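Please read them with the structure open.

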Amino acid sequence: MTEPLPTPRTFLPSGPLRGRIRVPGDKSISHRSVMLGALAVGETRVTGLLEGEDVMATAAAMQAMGASVEKVGGEWRIHGVGVGGLLQPQAALDMGNSGTSTRLLMGLIASHAITAAFTGDASLSKRPMGRVIEPLSRVGASFTPSPGGRLPLMMTGASVPVPIEYRLPVASAQVKSAILLAGLNTAGITTVIEPVPTRDHSERLMRSFGAELEVGEAGGERIITVRGEADLRPQTIEVPGDPSSAAFFMVAASIVPGSDLVIENVGLNPTRAGLVEVLRQMGASIEETDRREVGGEPVADLHVRHAELTGVDVDPALAPSMIDEFPVLFVAAAMAKGRTVTRGLEELRVKESDRLAAMAAALFSAGARVQETEDGLVIDGSGGEPLRGTANRPVQTHLDHRIAMAMAVAGLSSKDGIEIDDTRPIATSFPDFQALLDKVST
Ligand code: S3P
């Protein structure tokens, strides 16, 4: 198959962003809804599922392992195989760009006696899988990865999986979730200890599907236990809007003068809401209205108006709750008055791209004052002056959707516009990004 060609695009300066938008469903919750639905016996119904390429890769993999996943009208219907019932896939599981699909599915397969091969695109094939291979090997799975613990890889799940107790060496919801998912088909109690809390969607959803999952605390650490050989009950799930997608519009409306935008139905789980807190510290005007619960998660509409932003020292403790939002936070910082300092962000180097290097290079080429350190960026903002723009020197996005969207937002507040080398990866998480931008730009 020939790969589709890169799709460059220039994002031009925009007038105020106005109106109301609804961002697509949360990517993390969408992946987990499909996986858990595929393990429950009976029909799980999901509305608001993110139909981005990443979640579709998860859906295709679950189908390849025996579940049925189909869209009927506006709703997704999943018929599961039961915990322990995954079938051996007949072909390699193509994970595309999706680290979440890969790591969580490795967890699921680790406690099923089946063999699977994983492949992915150039970005995913550079990302470290050792962080899940290590604990899942303790469960009893065996792995043949490419050099450096990377994709493509083959794995065989354990026929008698072992319940493990594992303290996370990196703050990673993907590693936590992989172990908990393996625990579902492992006799006994699987325990994950989290020194630093990460997004807890797996815990919330596994419980609502009927798994016996407990969350405790000891010595400042979160202790999560799940009892294996669970019977999962099918659920009806409404997926809330993705705060990581809303982030691009929060920053866009904050930096483009005159903007007044409502973003509806945004998930505000405390383990995801760090960006809202940091933007408020910078002086952003973000008002929450109609706070409610959707799909077991706190949700609100966000009313964002343009505001003068001031640089801040971002508390590294907030990093896990805004880990995917740093690219666009860096754009806000480039437009703020004064200096923004970020630290403790070494995890950003192993995302879809090295996001510290990619954003430092991209913002520099657009005329921002930015300095890259080992574990963060230091940015001296323009004080609200539009950035110069890239004028025919396209920004390199390295197959990273969030670099593309962050720099698209920067383009809205630039003099000459910002050219992005390739906008295709945006479809992995936010297929209607451009359409929503067109809808609210004036
Ligand atoms: C995710 C967890 C995060 C995040 C990713 C989605 C998830 O990764 O960056 O986009 O759904 O669990 P890590 O857990 O590796 O930090």
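1. Helices (H or I, at least four residues) and strands (E, at least two) are DSSP runs, numbered from the N terminus. Helix 1 gives three residues to the shell around the ligand, the largest share. The elements that contribute two or more residues there are helix 1 (27–37) and helix 5 (173–184).

2. The model is predicted: local features need pLDDT of at least 70, side-chain atom pairs count only at pLDDT 80 or more, and totals for chains, interfaces and linings use all residues. Residues are numbered from 1 along each chain as its sequence is written, and side-chain values use heavy atoms, with hydrogens and water left out.

3. Which residues are around the ligand? They are K27, S28, R32, T100, A171, S172, A173, Q174, R199, I323, D324 and K351, where being near a molecule takes a heavy atom within 4 Å of it. By type, the shell holds three nonpolar, four polar and five charged residues. Here Ala, Val, Leu, Ile, Met, Phe, Trp, Tyr, Cys and Pro count as nonpolar, Asp, Glu, Lys and Arg as charged, and the others, Gly among them, as polar.

4. Domain 1 (9–25 + 240–441) and domain 2 (27–228) both give residues to this shell, so the ligand lies between them. The domain bounds come from an automatic or database domain assignment.

5. Polar contacts are pairs of N or O atoms within 3.5 Å. A polar side-chain atom of R32 is 2.6 Å from a ligand oxygen atom. For S172, a side-chain N or O atom lies 3.1 Å from an oxygen atom of the ligand. A173 uses a backbone N or O atom, 2.7 Å from a ligand oxygen atom. Taken alone, the ligand exposes 380 Å², and the protein buries 96% of that; accessible areas come from the Shrake-Rupley method with a 1.4 Å probe.

6. Two backbone details deserve a look. Most residues other than glycine have a negative phi, and most peptide bonds are trans. L151 and P152 are joined by a cis peptide bond, with omega about -5°; P152 is in strand 9 (residues 150–156). E229, a residue other than glycine, has a positive phi near 55°. E229 sits in the loop between strand 13 (221–227) and strand 14 (236–238).

Note on methods: A polar contact is a pair of N or O atoms within 3.5 Å; within protein, one must be able to donate a hydrogen and the other to accept it, and residues adjacent in sequence count only if both atoms are side-chain atoms.
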